[in-house]
Each structure stands twice: as C-alpha cells, then as structure tokens.
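Open the model in your viewer and keep the selection tool ready. This tour goes stop by stop.

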Amino acid sequence: MDQKLDLELIGLTKRYGDTVAVDMISYHFSAGTYACLLGPSGCGKSSTLRMIAGHESVSDGAVTLAGRDISHLPPAKRGTAMMFQNYALFPHLNVRDNVSFSFKMAGVDLATRYRQADAMLELVDMTELADRLPSQLSGGQQQRAALARALITKPDVLLLDEPLSALDPFLRVRMRAELKKLQRELGITFVHVTHGQDEALALADEIVVMNDAKIEQAGQTRNVFDAPATAFVARFLGSHNVVSMPDGMVAVRSDALQLTSTEAAKLPGTITNIEYQGTHVALTAAVPGEQEVTALLSDKDFFGNPKELGEAIGLNWEAEAAHALAQ
Ligand code: ADP
Ligand code: MG
C-alpha cells in the first residue's frame with residue numbers, strides 16, 4: 001500500500017458557537033485501512049467526517065492527506081469523497097446521471113462521463129439499472145448508486161456516514177459484506193462512521209471509539225475489543241462486564257466467565273435472568289455491590305448443568321481475562 005496516501009488528523013477541533021463538537025483529536029490512518037469511527041449519537045463523528053470531507057470548516061488543527069494540508073481546500077480538490085447517510089441522490093435524475101453528476105459540473109464531455117459512470121456502475125453491480133430513477137430502486141440499490149457516485153472521482157479516501165442505517169437488518173448485513181469486499185478490491189482508505197458496535201467489529205481493521213468530542217480509545221479492532229481501556233469502551237463495545245472488585249474496576253468478557261462452586265468463586269451471585277440465544281445461553285446474575293454480570297455459556301455447558309432463576313452460583317475467570325480499567 002502506498003504509505004504516501006496516509007490520512008492524518010492533527011489536533012482537529014470543531015466548535016459550533018459554544019459547543020465543542022470535536023475536541024483536539026489526533027489520529028493517523030494508514031493508506032488502505034478500513035477504519036470505523038464508533039461512538040454514541042452526538043459524540044462528534046459526523047462533524048469529524050465532514051471536516052475531513054470539506055463540508056464543514058475546521059475550527060482548529062488540520063487534516064492532511066499524503067502529507068499535504070487539505071484542511072481548507074474545497075471538497076472536490078481533497079482526494080476524498082463522501083457517501084451520505086440518506087444517499088442524497090437527485091430524484092429527477094436517473095442512476096447514470098446521478099453517478100456522473102460531479103463530472104458534468106466539472107465540464108467533462110458527455111461520452112467520457114457516461115463511460116466512467118458505466119464503469120462505476122459495473123463495479124457496484126448496477127449496470128442493468130442505469131436508466132432507472134432513484135424512486136424505482138430498493139434501499140440497497142440506492143446505496144450502490146450512491147457508492148458509485150462517490151467513487152467516480154477516484155478518491156484516495158472514501159468517507160461514509162452511517163451508510164447502512166437506512167437498510168433493514170437483513171440487507172444491512174449483506175451490504176456490509178459488499179462494502180468490505182469493495183474496499184479490499186479498491187485498496188483505498190475507508191473511514192466509516194457508525195454507532196453500531198457489531199457493524200464496526202465486522203468491518204474495521206481499526207476502530208476509533210469516540211465519546212464526548214474526544215477519542216476514548218483507538219487501534220486495531222481486536223486489540224480494542226480484547227483490552228478495552230475504559231469502562232465506557234467496555235460497555236459501548238458490549239459483550240463485556242464492567243465489575244468493581246476490591247482492587248479496582250475490571251472488564252471481563254461475558255464469554256470468559258465460568259460457573260463454579262460458590263466457595264471457589266471470585267464473585268458469588270444470584271441468577272436474575274436466563275436468556276436462550278440459540279448457540280448460547282446468556283445468564284445474568286446479581287453480584288455484590290448492586291452490580292449485575294452476564295455470563296455467555298455455550299448451550300452444551302448450560303444444558304449439561306442447567307440452572308434456575310434465583311439459584312446461588314459462583315462466577316470465576318482466568319486472571320488474564322480481566323483487564324484493569326481507567327476511572
Ligand atoms: P454524531 O455524528 O456523533 O452524532 P455530530 O458530529 O453530528 O455527532 O454532533 C456533535 C455535536 O455537535 C452535537 O452536540 C451536535 O448537537 C452538535 N452539532 C452538530 N452539527 C451542528 C451544527 N451545524 N450546529 C450546531 N451544533 C451542531
Ligand atoms: Mg452523525
């Protein structure tokens with residue numbers, strides 16, 4: 001991968017009046033990375049993406065691409081392209097004209113821009129639907145048209161703001177796989193904003209977890225998931241228990257909890273909920289300190305030794321499964 005096409009955020013800040021939407025964030029995206037900005041609504045993800053794209057002014061700090069400061073360039077001059085949450089297709093233009101729209105604005109002749117548009121439509125498997133209006137397309141097809149429109153400018157970085165949120169759950173999982181495949185084929189950097197942890201885990205080489213205008217934790221997806229640094233990250237990623245122990249707060253993955261006799265347990269508990277999840281059973285227990293923890297047990301383990309609501313149990317985990325948390 002061409003190292004020269006790295007994208008870097010340096011002390012990037014966005015203020016809207018008195019609101020600090022993005023507070024001095026810095027991050028280095030290596031060229032060709034699939035990165036997800038993950039965090040709850042209002043934490044500053046879209047503002048960050050729009051500053052990278054040039055659809056929002058930078059209050060402080062800089063965005064560089066290939067070492068060049070692009071913070072104040074117009075969107076079309078940056079080497080980035082953006083795909084919007086609602087796709088923003090023009091309703092009165094057919095798919096081919098939507099896809100080639102930016103080329104029309106740039107004064108590219110008709111034959112050239114249609115040739116390029118058709119190449120992009122082939123890439124996203126939409127050749128057959130080039131003459132349709134957006135209203136004649138399904139949600140997934142509209143998404144592909146919007147992707148083709150973003151990619152026609154041959155960006156080095158594709159920015160996607162909640163690209164799957166308008167799709168039903170089944171289609172969301174299918175389009176998620178298509179996005180990943182497309183990114184692999186193109187080899188360009190994708191920066192994908194989502195508030196869904198499963199989406200981020202499925203797609204991202206790197207996750208940037210944001211909270212309250214700042215980066216809470218960032219890095220290789222598995223490293224972040226395996227070792228959340230703060231209670232916020234552990235809770236937001238899910239599948240973790242955050243437990244206060246005498247020597248401090250720790251995160252333990254739900255699938256790392258084991259049932260044991262009450263004497264041998266790190267934590268004694270009382271079962272408050274048993275949820276059958278097909279391959280697994282999620283067993284929730286009240287533990288000292290008015291806390292609850294959830295153990296994810298394989299269906300074999302659970303039904304080999306079934307438990308009942310209200311039953312006293314012991315919970316244990318390997319020492320290395322617990323990660324000390326800041327705060
Ligand atoms: P996210 O995409 O993570 O939901 P946003 O970047 O949209 O977060 O918003 C971050 C914060 O900035 C929120 O408090 C939001 O209300 C505020 N905000 C976003 N856009 C504007 C705007 N155009 N004017 C004023 N405040 C804004
Ligand atoms: Mg947003």
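Select Arg172 first. Arg172 sits in helix H6. Helices (H or I, at least four residues) and strands (E, at least two) are DSSP runs, numbered from the N terminus. This is a predicted model, where local features need pLDDT of at least 70, side-chain atom pairs count only at pLDDT 80 or more, and totals for chains, interfaces and linings use all residues. Residues are numbered from 1 along each chain as its sequence is written, chains are lettered from A and ligands numbered from 1 in the order in which they are written, and side-chain values use heavy atoms, with hydrogens and water left out.

Buried means under 20% relative accessible area, exposed over 50%, and partly exposed in between (1.4 Å probe, protein chains only).

Now show the neighbours of Arg172. Leaving out residues up to four places away in sequence, Arg172 touches Leu164, Ser165, Leu167 and Glu199. A contact means heavy atoms within 4.5 Å. Zoom in on Leu164: its backbone oxygen is 3.4 Å from a polar atom of the Arg172 side chain. A polar contact is a pair of N or O atoms within 3.5 Å; within protein, one must be able to donate a hydrogen and the other to accept it, and residues adjacent in sequence count only if both atoms are side-chain atoms.

Next, draw a distance from Arg172 to Gly139. Their C-alpha atoms are separated by 9.9 Å, and the two residues are 33 apart along the chain.

Select helix H5, residues 139-151. Why does its length make sense? The end C-alpha atoms are 18 Å apart, which agrees with the 18 Å that 13 residues should span at 1.5 Å a residue. The expected span is 1.5 Å times one less than the number of residues.

How many residues of H5 are buried? Ten of the 13 are, so H5 is mostly covered. Among them are Gly140, Gln143, Arg144 and Leu151.

Move to ligand 1. Which residues surround ligand 1? They are Tyr16, Ala21, Pro40, Ser41, Gly42, Cys43, Gly44, Lys45, Ser46, Ser47 and Arg50. A residue is near a molecule or strand if one of its heavy atoms lies within 4 Å of it. Helix H1 (residues 45-53) gives the largest share of this shell, four residues.

An oxygen atom of ligand 1 lies 2.9 Å from a polar side-chain atom of Lys45. A backbone N or O atom of Gly44 is 3.1 Å from an oxygen atom of ligand 1. A side-chain N or O atom of Tyr16 is 3.5 Å from a nitrogen atom of ligand 1. Taken alone, ligand 1 exposes 560 Å², and the protein buries 59% of that. Accessible areas come from the Shrake-Rupley method with a 1.4 Å probe; for residues, only the protein chains shown count as cover.

Select Ser47, in helix H1. Ser47 is buried, because its relative accessible area is 8%. Not counting residues up to four places away in sequence, Ser47 touches Lys14, Tyr16, Ala21 and Val22.

Finally, zoom out. The protein has ten helices and 18 strands. Its C-alpha trace spans about 80 × 45 × 35 Å along its principal axes. Of its 327 residues, 47% count as buried.
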